[in-house]
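Please have the model open while reading.

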Amino acid sequence: MRKALDFLYDAAGYLAAFFVLGIFVLMIAQTVLRETGMKSGGMDDLVAWFCAASAFLAMAHTFRYGDFVRVTLLIERLGERGRRIQEAGALGIAAAFTGYLAWWASKYVYESWQYKEMSTGLLVVPIWIPQLSFTIGALLLFVAVVDQLVMVMRGAKPTYVQLMEERHARGDYSEDM
Amino acid sequence: MSLIEIAGILLAFMFALLAGGVWIALTLAIVGLACFTFFTGTPPGKNLFSAFWGSTSSWTLAALPMFIWMGEILFRTRLSREMFDGLAPWLNRIPGRLMHVNILGCGIFGSVSGSSAATCATVSKVALPELMKRGYDEKMALGSLATAGTLGILIPPSITMVVYAVAADASIIRIFLAGFIPGFILMVLFSGYIAVWAVMNPDKTPPPGPSMSFVEKVKASGNLIPVTLLIVFIVWVLVKGIASATECAAYGVLGSLAIAWWGGSLTWRNFWESLMSATRVSCMIMIILAGASYLSLAMGFTGIPRALAEWVAAMQLSPYMLIGVLAILYIVLGTALDGISMIVLTSAVVLPMIQKAGFDLVWFGIFIVLMVEIAEVTPPVGFNLFVLQNMTGRDSNYIARASIPFFAMLVVTIAIITAFPQVVTWLPDVVMGREK
């Protein structure tokens with residue numbers, strides 16, 4: 001179970017990285033096509049969808065990695081017990097919200113599939129196809145948050161704190177903005 | 001309940017969530033959700049979907065992962081070593097000598113990177129141990145590195161500017177162009193301070209290294225040619241206006257990959273790590289933007305930003321006073337928040353205010369970037385301080401104290417751009433024509 005979940009988060013993260021790579025390839029291809037006089041109109045839409053997919057699919061992985069920023073000024077001063085209550089509270093709130101987000105991301109995309117809604121740009125495809133990245137990403141984030149909540153309830157240190165501490169101990173601040 | 005009271009309640013709610021350690025992106029969206037549910041008659045769910053989808057599926061925003069990736073690739077090259085070796089021979093005779101490597105190095109790396117912490121880390125990696133070995137003053141070295149590192153977000157490309165441009169719905173290229181001259185002024189001020197300090201404290205600067213002939217100097221700088229070409233390319237693309245910011249970013253990635261390949265550091269491992277790292281950082285920023293766009297949408301429905309803007313306008317503050325008040329607000333926020341969050345958190349409310357008071361959005365973008373730079377070196381939360389604390393083991397408060405003179409130069413720059421706004425708006429106006 002543990003391994004299966006971790007694999008799922010990371011797999012979605014790798015997929016997101018491929019979409020970042022995809023943006024790069026498409027942007028270069030677009031300028032080359034334009035120079036040679038070929039049409040590249042639909043590519044703008046594709047780049048926009050890739051951008052969304054890279055963000056949504058990476059959410060669970062990024063969250064678990066400890067890269068989602070938050071204000072740690074106050075919570076770092078709490079004792080061990082206080083810190084656990086705080087983490088449980090924050091994760092509880094996050095779980096409620098990401099659950100709501102996942103619900104809407106699913107409901108809305110399901111409806112657009114049902115009514116065969118099409119995209120409005122130059123590239124006409126059923127809009128649920130690109131929007132599926134949002135649904136999958138939001139569901140995975142919800143699962144990841146609940147996963148961490150369960151961990152904290154059982155008395156373990158959340159993964160996002162652990163991984164961030166390890167990184168900072170190595171002197172790696174490259175991902176802190 | 002008046003709109004101002006509602007705004008107060010929402011603000012208190014937001015601070016409670018933030019203080020409790022709820023992730024910033026989620027906090028913004030949760031406050032937006034509360035705002036929709038309790039203070040508007042509009043259904044929150046569909047708007048949540050469209051705000052998240054609409055703000056992330058954006059062609060303009062695709063520049064963000066590209067610029068971040070570019071910096072991540074260069075961070076993993078030998079660039080920091082080459083910069084030190086290439087710059088040092090030229091600085092032997094100037095008062096302050098190699099200390100200027102910190103400023104020039106940060107300026108150069110800032111021209112290819114959009115992040116302040118990455119610039120600070122990259123330049124410090126080699127410059128700091130080299131300066132210490134040669135007996136330069138530690139306090140001066142730390143202060144200049146911490147503060148000059150923030151040039152990464154003032155000199156384009158800049159991740160902070162992309163975020164601001166998206167939040168303010170302003171042109172990315174225009175804001176990039178606006179950053180060049182203030183960035184240059186800031187570099188002159190930093191280097192000027194170092195030179196004056198060196199003249200006043202002659203015993204604290206070690207003797208010059210062995211002098212080199214001109215040809216030797218040029219040879220030592222040879223490794224800097226690729227990065228110089230990349231900078232020239234980026235500036236040329238921006239000034240000529242032949243490509244959009246997103247295309248410019250993609251070619252920046254291509255150029256960085258070429259530099260990494262040239263220097264022999266383009267391994268699969270580095271490639272993959274830089275890509276994953278860029279994916280995570282850009283995901284984090286884009287989700288914050290999505291949360292902020294949902295909150296802005298909710299605020300728009302309530303009419304709070306307009307009411308606040310009118311409320312501030314009714315106080316009849318002079319423009320300078322308004323800027324002064326905002327500067328204090330951002331310094332306070334900057335002690336606890338990172339720059340990106342600071343911008344998106346305030347944009348929904350502050351931007352209408354600023355426009356009503358007659359300020360230019362591009363000018364305000366540079367102002368806010370300078371405020372973010374200050375935030376990076378103010379304790380307790382300042383990422384450049386953390387970077388150097390980690391590299392030296394010195395306490396972050398010590399580094400913050402060492403940065404005070406350079407911090408003052410940032411304040412001087414803010415004063416300059418406020419007194420002479422043309423410094424900011426001249427270049428974008430010349431290149432792209434005046435904005436209507």
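How many salt bridges are there between chain B and chain A? The count is 2 salt bridges, a salt bridge being a side-chain nitrogen of Lys or Arg within 4 Å of a carboxyl oxygen of Asp or Glu. A:Glu111 forms a salt bridge with B:Lys46, with 3.8 Å between the closest N and O atoms.

## Basis of the values

This is a predicted model, in which local features need pLDDT of at least 70 and side-chain atom pairs count only at pLDDT 80 or more, while totals for chains, interfaces and linings use all residues. Residues are numbered from 1 along each chain as its sequence is written, chains are lettered from A and ligands numbered from 1 in the order in which they are written, and side-chain values use heavy atoms, with hydrogens and water left out.

## The interface

In contact (heavy atoms within 4.5 Å) are 67 residues of chain B and 64 residues of chain A. The buried area, which is the accessible area (1.4 Å probe) lost on putting the two parts together, summed over both, is about 5,900 Å², and carbon and sulfur atoms give 79% of that area. B:Trp23, B:Phe49 and B:Trp53 supply 15% of what chain B buries against chain A, more than any other three residues.

## Backbone features

Most residues other than glycine have a negative phi, and most peptide bonds are trans.
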